Amino acid sequence: MSGMTIGLTMFAILMMLLVLRVHIGIAMFLVGAGGYVVMTGGEWSPLLNSLKNLAYARFSNYDLAVIPLFMLMGQFATNGGLSRALFGCVNNFIGHWRGGVAMASVGACAAFGAICGSSLATAATMGQVALPELRRYNYSGALSTGALAAGGTLGIMIPPSVPLVIYAVLTQESIGKLFMAAIIPGIIAMLGYMLVIRIVITLNPSAGPAGPKVPFAATLRSLVGVIPIVLVFLVVIIGIYGGWANPDLPPDLVRHRHRVQG
């Protein structure tokens, strides 16, 4: 059996397990372990030898240790109700415009991405919060899902970003510099998505009706709920860029890596 055949078979089995609602982690482990055994001639010893230190090797990786912490920070924000407060705040400012609730969804995705770092987590979290509101104001399904799908991509653009960390590790670039370089493109992307929503509403006004106007005093009070998000973003960015919390490898580890690779 060729490697291509084994790979396609493993992929088909993985899809079947996912359809059967097997947990994705368990499904990937079973398929990967089975494929490993098949490719080693049915021997279990190489698999067991790999598993005995694989978990420790991944968790002890200094470069990638920051990724689960970014994800944990986003989970805390979700469970703490910050995602709902974030959407509510943005919606209070622009929700009374035509298409304003969809624009608020994009803006909330960008702000949530500033404390999460994952597009999937951003889209899933803000979808649970914003989609019911979009349906309540009779937004078209295409515009609602499109705005949330596009806004979710801002999770990997607005720092902290998991893909930027991985890219920095692979290319041995500075994580802090990549984070700073991604802020302006992320803001431009957010404004671009909002502009597209405005164009869609101009062509089809019924796709995004205006929501009710919120009193200015209530709008200002909603800013209190997003203060923790602003503080987290400032602590992460200023801490990294100011050198207080350096996400890059320490100089001694960099020298050791160069000696090993040289």
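How far apart are the end C-alpha atoms of residues 6–38, and what share of that span is helix? In this predicted model, the end C-alpha atoms of residues 6–38 are 8 Å apart, and the span is 88% helix and 0% strand.

## Overall architecture

The chain contains 13 helices and zero strands. Read from the N terminus, its elements follow the order α-α-α-α-α-α-α-α-α-α-α-α-α. Of its 262 residues, 37% count as buried. Among contacts between residues at least 6 apart in sequence, 73% join residues at least 24 apart.

The unreviewed UniProt entry carries the annotation "transmembrane region" for residues 6–38, 59–77, 97–125, 137–158, 178–201 and 222–244. Two of these spans may be set side by side. Residues 6–38 are 88% helix, with end C-alpha atoms 8 Å apart. Residues 178–201 are 100% helix and 0% strand, and their end C-alpha atoms lie 35 Å apart.

## The first helices and the loop between them

R21 is not a glycine, yet its phi is positive, at about 65 degrees. With a relative accessible area of 76%, R21 is exposed, because the cut-off for that class is over 50%.

Helix α2 comprises 16 residues, 24–39. The buried residues of α2 are A27, V31, A33, G35 and V37. In general, an α-helix has 3.6 residues a turn, so residues three or four places apart point the same way. Just after α2, G41 takes a positive phi of about 80 degrees.

A further positive phi occurs at N138, a residue other than glycine, where the value is near 60 degrees. N138 belongs to the loop between α7 and α8 (141–152). Its relative accessible area of 60% makes N138 exposed.

## The largest pocket

The largest pocket has a volume of about 390 Å³. Of the 17 residues that line this pocket, G107, A110, A111, A114 and M190 are the closest to its centre. Two or more lining residues come from each of α5 (82–94), α6 (100–116), α10 (175–203) and α12 (227–241). What is the make-up of the lining by class? The lining of the largest pocket has 16 nonpolar residues, one polar residue and no charged residues.

## Selected residues in helices

| Residue | Relative accessible area | Class |
|---|---|---|
| T125 | 10% | buried |
| T219 | 3% | buried |
| V200 | 33% | partly exposed |
| R198 | 41% | partly exposed |

T125 lies in helix α7 (residues 119–136). Is T125 buried or exposed? T125 counts as buried, because its relative accessibility is 10% and the cut-off is under 20%. Apart from neighbours within four places in sequence, T125 is in contact with T78, S83 and F112.

T219 is placed in helix α11 (residues 216–222), and its relative accessible area of 3% makes T219 buried. Which residues does T219 contact, leaving aside its neighbours within four places in sequence? The contacts of T219 are N92, F93 and V214.

Helix α10, which contributes to the lining of the largest pocket, also contains V200 and R198. V200 is partly exposed, at 33%. Although V200 and L143 are 57 residues apart along the chain, their C-alpha atoms are separated by 8.2 Å.

R198 is likewise partly exposed, with a relative accessible area of 41%. R198 and A102 are 96 residues apart in sequence, while their C-alpha atoms are 9.5 Å apart in space. Leaving aside neighbours within four places in sequence, R198 is in contact with R98 and M103.

How values were computed. Residues numbered from 1 in each chain as written. Predicted model: local features only at pLDDT ≥ 70, side-chain atom pairs only at ≥ 80, totals over all residues. Heavy atoms only, no water. UniProt positions renumbered as here; feature names shortened; annotations may be inferred. Helix = DSSP H or I, 4+ residues; strand = E, 2+ residues; numbered from the N terminus. 1 Å grid on protein atoms, 1.4 Å probe; cavity = no way out; pocket = protein on both sides within 12 Å on 5 of 7 lines; lining within 4 Å. Points joined across faces, edges and corners; volume = space filled by probe spheres on them. Nonpolar A, V, L, I, M, F, W, Y, C, P; charged D, E, K, R; others polar. Expected span 1.5 Å × (residues − 1). Buried < 20%, exposed > 50% of the residue type's maximum accessible area, 1.4 Å probe, protein only. Contact = heavy atoms within 4.5 Å.
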